[in-house]
Amino acid sequence: SFLFSLGLLSIVIVQAALRKIDLLSVKSLLRESTNQQSSYLPFRLNPSGIMPLIFSSGLLNVLIVGINKIAILQGLVNFSNIIYTGGYFLLTLFFSYYYSTIAIKPRDLADNLKKMNFTIPGVQPGLATMRYLQETLSRLALLGGLFLAIIVTVPSLLSFINPGIKGFGITSLIILVGVAVD
């Protein structure tokens, strides 16, 4: 119960977490009123969402079915569980980074900011902005991927330690919290 509550709380915090990158526009600099509304780019801590878990589990299920078909390895259930847990962790990290680079393109974002006369304070428009956004997204993808990888492998690790503990549907819990937060 405590672990479930801790997991639920951490999922809510990560799903709601944003990295706000401040933006400046020419219009806001020319405005003389003190009641200025700030503009920012909101990036989620987990920019790829649930997709890395879907890709990882699909690929691993095919791999585990293949391993279970090999006659020599049929009796080694723990072997396939260890491969699944370790593979789930690594593939979740990989797909989290990969999907976030596909979903959000820093080059297009930097070009659009330049066209709309927006700039990030302290960062030159154009190539420097693209690099800054790419570094920021890489860090967010790594943190979000580590969170996803840890949160989905903890139930499997706990079941290795104590076989009486059965895993619960973390993926469905992440989807549920994501919908509730949005």
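**A cavity and its lining**

Reader: How much space lies in the largest cavity?
Author: The model is predicted, so local features need pLDDT of at least 70 and side-chain atom pairs count only at pLDDT 80 or more, while totals for chains, interfaces and linings use all residues. Residues are numbered from 1 along each chain as its sequence is written, and side-chain values use heavy atoms, without hydrogens and water. A cavity is a set of points on a 1 Å grid over the protein atoms alone where a 1.4 Å probe fits but cannot get out. The space in the largest cavity is about 30 Å³.

Reader: Which element supplies the largest share of the lining of the largest cavity?
Author: Lining residues have an atom within 4 Å of a point, and among them here are A110, L113, K114, F118 and T119. Both α5 and β3 (118-119) supply at least two lining residues; helices are DSSP runs of H or I with at least four residues, and strands runs of E with at least two, numbered from the N terminus. The largest share, three residues, comes from α5.

Reader: How many residues of the lining of the largest cavity are charged?
Author: Asp, Glu, Lys and Arg count as charged. Five lining residues are nonpolar and three are polar. The number of charged residues is one.

Reader: What is the mean pLDDT of the protein?
Author: The predictor's confidence in each residue, pLDDT, runs from 0 to 100. In this protein 85% of residues reach 70 or more, and the mean is 82.

How values were computed:
On a 1 Å grid over the protein atoms alone, a cavity is a set of points where a 1.4 Å probe fits but cannot get out, and a pocket is an open set with protein on both sides within 12 Å along at least five of seven lines; lining residues have an atom within 4 Å of a point. Grid points are joined across faces, edges and corners, and a volume is the space filled by probe spheres set on the points.
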